[in-house]
Amino acid sequence: MDSNGFVRIPGTCVLRAIDNVERHRNEVSPFSDVSQIPETSATTWLIDSYWGQVYDDVPLQPYAIYGKTEDLPPFSGDELEDLGYLRVPFRRIPRRMVKSSAELESFVAGVRSADPDLELLFRGQPQEYYLKRTPAANLFLYGEESVREPSLLTSASRRSNPLERVLPEWCALLQFFFLKHYCDVEDFAPPNQLREYMESRQNCCEGRGLWLFALSLAQHYGLPSSGLDVTDRLDVATFFALMQYQVIGPSISVYKRVSDESMLPVIYLMSTYRRQQLNYDMYRPKGFPVGRPDRQHARFLHTSWGFNRNDCARRIFFALYLDPKGDFCIPSVSELFPSEDQDRFGKFLADVKTAPLPAGLRKTLDDYRSVMGN
């Protein structure tokens, strides 16, 4: 992979599902300089590893294959932008500043009223990150030397120890917790309820639900995976936009209010296909203790891996930027991050970090930290 995120592979290669590329080769926007792209007999394919687009290898000339921003036709919401646009392939994303919770809630209510069937998800970040491309690459893709391509690269794609490498061990650890927790539940649960809990746990452990639940649970507790945290609660996203995560020790972290005005906190409004998200509640066995994911109304997006590392960013359709000095109401840290005496699974992770474990799993668990509340 080069510094622009492009990968060149022989055209004779068989692309697999695990490579996660778009199904159409040489997909080009009608709002590009299509006529300028030369015919080629190249035997090499060019893959944009951020978005999974596959092309016959051509020189990086200013073709704007993803469409020129200024030429793209107006879309619903474009008239509301006041900070320009973000760019993703074949589409632009309006940007807007908001200065209070009231303004934020009013805007989102307007979006909901326009399409009652739209399932809105939110992601809050204390600052925005962009993909790093050279001017030549931006001209090739967008027809401009400088664009804002939002970066939502997952923790697994940015680190050398993704959870998937130790997923069997992680699932075994989770099943150990199941045994411990549900044995304790037997002491106080009524017989009918206990039977329901045990059946739910068994169904989770015997089907694919265990793997899916294990992935989402790990992500929601800060372990590196190929997923992305989002929520269906606007106030939760506002918290994660205005509060910055800080590590203060090997096992402890805190959240502090954003004070650097240059960071420009952002909330992404997102909409995904149901198959691209994992609703934690759907796979959570009955009787599993309440913890961080429940408090945060967490959802898990799982589309970004292989040569399509930034696919989650395609699901953004509006970006709202929060004035750090604005009037925003957010939950407290302790509301979203229960203390370990209230979070049984979090307490289990803290304890098991000191136990003898396989090296890969131990390294993965190093990313779990307790969050000090206020």
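Good morning, colleagues. Please bear in mind that we are looking at a predicted model. Its secondary structure consists of 12 helices and 14 strands. For 374 residues, a compact globule would have a radius of gyration near 21 Å, and the 22 Å of this protein agrees with that. Along the principal axes, the C-alpha atoms occupy a box of roughly 75 × 55 × 40 Å.

Of the 374 residues, 51% count as buried. If we take contacts between residues at least 6 apart in sequence, 77% of them join residues at least 24 apart.

I turn now to the aromatic rings. The structure holds 25 aromatic pairs. In one of them, Phe 6 and Phe 140, the ring centres are 6.1 Å apart and the planes stand at 85 degrees, so this pair is edge-to-face. Phe 6 belongs to strand β1 and Phe 140 to helix α2, 134 residues away, and the pair thus links distant parts of the chain. Phe 6 is buried at 2% relative accessibility, and Phe 140 is buried at 1%.

A second example is Phe 178 with Phe 213: their centres lie 6.5 Å apart with planes at 20 degrees, so the rings are stacked. Because Phe 178 sits in helix α4 and Phe 213 in helix α6, the pair ties together parts 35 residues apart in sequence. Phe 178 is buried at 1% relative accessibility, and Phe 213 is buried at 0%.

Finally, ring pairs join Phe 178 and Phe 213 into a cluster whose members also include Trp 170, Tyr 221, Phe 288 and Tyr 368. Thank you.

Methods:
Residues are numbered from 1 along each chain as its sequence is written. This is a predicted model: local features need pLDDT of at least 70, side-chain atom pairs count only at pLDDT 80 or more; totals for chains, interfaces and linings use all residues. Side-chain values use heavy atoms; hydrogens and water are left out. Helices (H or I, at least four residues) and strands (E, at least two) are DSSP runs, numbered from the N terminus. The radius of gyration is taken over C-alpha atoms; the globule rule is 2.2 Å times the number of residues to the power 0.38. Buried means under 20% relative accessible area, exposed over 50%, partly exposed in between (1.4 Å probe, protein chains only). Contact means heavy atoms within 4.5 Å. Rings of Phe, Tyr and Trp (its six-membered ring) pair if their centres lie within 6.5 Å; planes under 30 degrees apart count as stacked, over 60 as edge-to-face and the rest as tilted.
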